[in-house]
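Me: Could we go through this chain together? Please show the sequence and structure to begin with.

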Amino acid sequence: MCIALSSGFVLNSLLSGCKTPLGVIKTKSDNDVVTVPLTEFEKGDYKLVRVSNYDYDLAIQKKPDGTFDTLVLECTHAGQPVTKTGNTYYCTLHGSVFSHEGKVMKGPAERDLRKLASTVSKDVLTIKLR
Ligand code: FES
């Protein structure tokens, strides 16, 4: 019984971990604008952002010069969300692969992942979704 209960506990912990992957920031946009506190980048230069009212996750990379690159994780072939796999992004629908910087490494996609404009002011990164 204890083994079953502890197995269930472990399973539940694992499942709840699956619901909220580590390092994912959850937020929502306001008038197609997303803001992320810069404190989120104190422990790492890369963050995934899940925007509740937007169809795709965002991948934000802080660059050495203090600016940020934001990729929309939408496959440019047919709009499937792409998944981070190691240091690349993979589309499960037809197999396109994109580099960490969003460049096409393998088709059928022909265009790089879309980058969004962002600005830094005070303690906040502001990203325009459109
Ligand atoms: S939608 Fe991604 S490869 Fe086709």
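The conversation below covers confidence, strands, the sheet and the core.

Me: What sort of model is this, and how are residues numbered?
Reply: It is a predicted model, in which local features need pLDDT of at least 70 and side-chain atom pairs count only at pLDDT 80 or more, while totals for chains, interfaces and linings use all residues. Residues are numbered from 1 along each chain as its sequence is written.

Me: What pLDDT does the protein chain average?
Reply: The protein chain averages a pLDDT of 86, and 83% of its residues score at least 70; pLDDT is the predictor's confidence in each residue, from 0 to 100. Over residues 1-20 the pLDDT is below 50, and this stretch has zero contacts in the model beyond near neighbours in sequence. A contact requires C-beta atoms, placed from the backbone, to lie within 7 Å.

Me: How many helices and strands are there?
Reply: The protein chain has one helix and 12 strands. These are DSSP runs numbered from the N terminus: helices are H or I with at least four residues, strands are E with at least two.

Me: Which strands form the open sheet?
Reply: Five strands form it in the order E1-E3-E4-E5-E10, with mixed pairing. Its edge strands are E1 and E10 (115-116), each of which pairs on one side only. Two strands count as paired if DSSP finds at least two bridges between them.

Me: In which sense do E1 and E3 pair?
Reply: E1 (residues 24-27) and E3 (residues 46-51) pair in the parallel sense over four bridges. Val24 stands opposite Leu48 in E3.

Me: And E3 with E4?
Reply: E3 pairs with E4 (residues 58-62) in the antiparallel sense, again over four bridges. The two form a hairpin with six residues between them, and Tyr46 has Gln61 in E4 as its bridge partner.

Me: How many bridges join E4 and E5?
Reply: E4 and E5 (residues 68-72) pair over five bridges in the antiparallel sense. Lys62 has Phe68 in E5 as its bridge partner.

Me: Changing topic, which residues of the largest nonpolar core touch the most other members?
Reply: Of its 20 residues, these are Leu58, Ile60, Leu71, Val72, Leu73 and Val82. Elements giving two or more residues to this core are E2 (33-37), E4, E5 and E12 (124-128). A nonpolar core is a set of buried Ala, Val, Leu, Ile, Met, Phe, Trp, Tyr and Cys residues joined through C-beta atoms within 7 Å; buried means that 20 or more other C-beta atoms lie within 10 Å of the residue's own, with C-beta atoms placed from the backbone.

Me: What does Leu58 touch?
Reply: Not counting residues up to four places away in sequence, Leu58 touches Val49, Val51, Thr70, Leu71, Val72, Leu73 and Ile127.

Conventions:
Contact = placed C-beta atoms within 7 Å. Buried ≥ 20, exposed ≤ 12 C-beta atoms within 10 Å, placed from the backbone.
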